[in-house]
Amino acid sequence: MRDIAVFTGTAHPELAAEICTHLGTPLLPTRVQRFANDCIEVQLQANCRERDVFLIQPLVPPVQENLVELLLMLDAARGASAARTTVVMPHYAYARSDKKDAPRISIGARLVADLLVTAGANRVLAMTLHSPQVHGFFSIPVDHLHALRELAAHFKQYDLSNTVVVSPDLGNAKEAAHFARILGVPVAAGAKQRFADDKVHISAVIGQVRGKDVIVLDDEIAKGSTVVELLDRLRERESGTMRIACTHGLFSDGALERLGAAPDVLEIVCTNTVPIAKEKHVPKLKVLSVARPLAEAMRRIHNGESVSTLFEAP
């Protein structure tokens, strides 16, 4: 069996260290420096030759800086004769650019996938991609995990007898239905139109929400415009208390403060795929760790074992 070697860039070293703790393997050092002309240089400071190399780097703000870091790490691993290089990408920011919905725009999700392959990626381990078709943009194997097990384990501590899971839009309804099945509750969904990055309109909520306690489930929350709009529609339909759940808690432009200020929102739950600065934290925020499932997937990839059991309900 080839030796395993795990490196990380500067995007989320805390998650990388936690993954390595679960793996029982050291996090090897990486040197990232910037030249006077603003170019980045990356050096993997441990032997890669004929080793199974894992590079942990979510594409989080500053996304372009972290993407270039990852590309340089891949090139460094290939130049160091790594036997296989797997990109562990807990958050793939460009996954939202998955279609041509206006004239003369690029499909960034496919382009960045091509860049990763060209730079030397042999395999990708991702978590909760924005849409399922992004999986097909890669010409290399992709193991696509989700965080529904971890989220469901958290919410099962509550009385869910009068609860409904609500998806903000029909695109996420399949994931919401899966989550609802794990919890044993019904599901509903909003009918959403997006007019701009921060301007959405939800014209209807499909499903019974009146008098129900609600768990709003989305894949990621950035500015929070969609969730705020959905909460307004749910209040119009006289729903009960609300909890908000997502995998990727980006929470830009004061989103956490706006959501946390609503008195009927009891809790905001996300995972640590994205680093959340301590100054952003609010009392209602709960951050769950996905280090264990990512570490287990990496172990199974390294050992040539099936990853599919990680999708079984808790």
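How many nonpolar, polar and charged residues are there, by class, in the lining of the second largest pocket? In this predicted model, that lining has four nonpolar, three polar and two charged residues. The second largest pocket holds about 220 Å³ of space. Its lining is formed by His12, Glu14, Asn272, Val274, Pro275, Ile276, Lys278, His281 and Val287.

The largest pocket has a volume of about 1500 Å³. A total of 48 residues line this pocket, and those nearest its centre are Arg96, His130, Asp169, Lys192 and Asp219. The elements that contribute two or more residues to its lining are α2 (63-79), β7, α5, β9 (187-196), β11 and α6 (225-236). By class, the lining of the largest pocket comprises 15 nonpolar, 18 polar and 15 charged residues.

Rolling a probe the size of a water molecule over the atoms shows where empty space is left. A search of the whole structure finds two cavities of 30 Å³ or more. The largest cavity has a volume of about 60 Å³. Its lining consists of Thr128, His146, Ala147, Leu148, Leu151, Asn172, Glu175, Leu217, Asp218, Asp219 and Thr247. Two or more residues of this lining are given by each of the elements α4 (148-155) and β11 (213-221). The largest share, three residues, comes from β11. Divided by class, the lining of the largest cavity has four nonpolar, four polar and three charged residues. Asp219 belongs to the lining of this cavity and is also one of the residues nearest the centre of the largest pocket.

The second largest cavity has a volume of about 40 Å³. It is lined by His91, Tyr92, Ala95, Met127, Thr128, Leu129, His130, Glu220 and His248. These residues divide into four nonpolar, four polar and one charged.

The structure holds three aromatic pairs. In one of them, Tyr92 and Phe138 are tilted, with 5.7 Å from centre to centre and 50 degrees between the planes. This pair links distant parts of the chain, since Tyr92 lies in the loop between β5 (84-89) and α3 (108-119), whereas Phe138 lies in the loop between β6 (123-127) and β7 (142-145), 46 residues apart. Tyr92 has a relative accessibility of 3% and therefore counts as buried, the cut-off for this class being under 20%. Phe138, with a relative accessible area of 8%, is buried too.

Another pair is formed by Phe155 and Tyr158, whose ring centres are 6.3 Å apart; because their planes meet at 55 degrees, the pair is tilted. Phe155 is buried, with a relative accessible area of 0%, whereas Tyr158 counts as partly exposed at 26% relative accessibility. Ring pairs join Phe155, Tyr158 and Phe179 into a cluster. Tyr158 also has a charged neighbour: the charged end of Arg243 sits over its ring, 3.9 Å from the ring centre.

Phe179, a member of this cluster, is also one of the buried residues of helix α5 (residues 173-183). The buried set of α5 comprises Ala176, Phe179, Ala180, Ile182 and Leu183. Viewed down the axis of α5, these buried residues fall within an arc of 155 degrees and so line one face of the helix. An α-helix has 3.6 residues a turn, so residues three or four places apart point the same way. The face of α5 turned away from the buried side carries the exposed residues Lys174 and Arg181. Just after α5, Gly184 adopts a positive phi of about 75 degrees.

Leu288 is buried, with a relative accessible area of 11%. Between Leu288 and Cys270 there are 18 residues of separation in sequence, while their C-alpha atoms are 6.2 Å apart in space.

Terms used. Residues numbered from 1 in each chain as written. Predicted model: local features only at pLDDT ≥ 70, side-chain atom pairs only at ≥ 80, totals over all residues. Heavy atoms only, no water. 1 Å grid on protein atoms, 1.4 Å probe; cavity = no way out; pocket = protein on both sides within 12 Å on 5 of 7 lines; lining within 4 Å. Points joined across faces, edges and corners; volume = space filled by probe spheres on them. Helix = DSSP H or I, 4+ residues; strand = E, 2+ residues; numbered from the N terminus. Nonpolar A, V, L, I, M, F, W, Y, C, P; charged D, E, K, R; others polar. Phe/Tyr/Trp six-rings, centres within 6.5 Å; stacked < 30°, edge-to-face > 60°. Buried < 20%, exposed > 50% of the residue type's maximum accessible area, 1.4 Å probe, protein only. Lys NZ or Arg CZ within 6 Å of the ring centre and 35° of its normal. Arc of directions from axis to C-beta.
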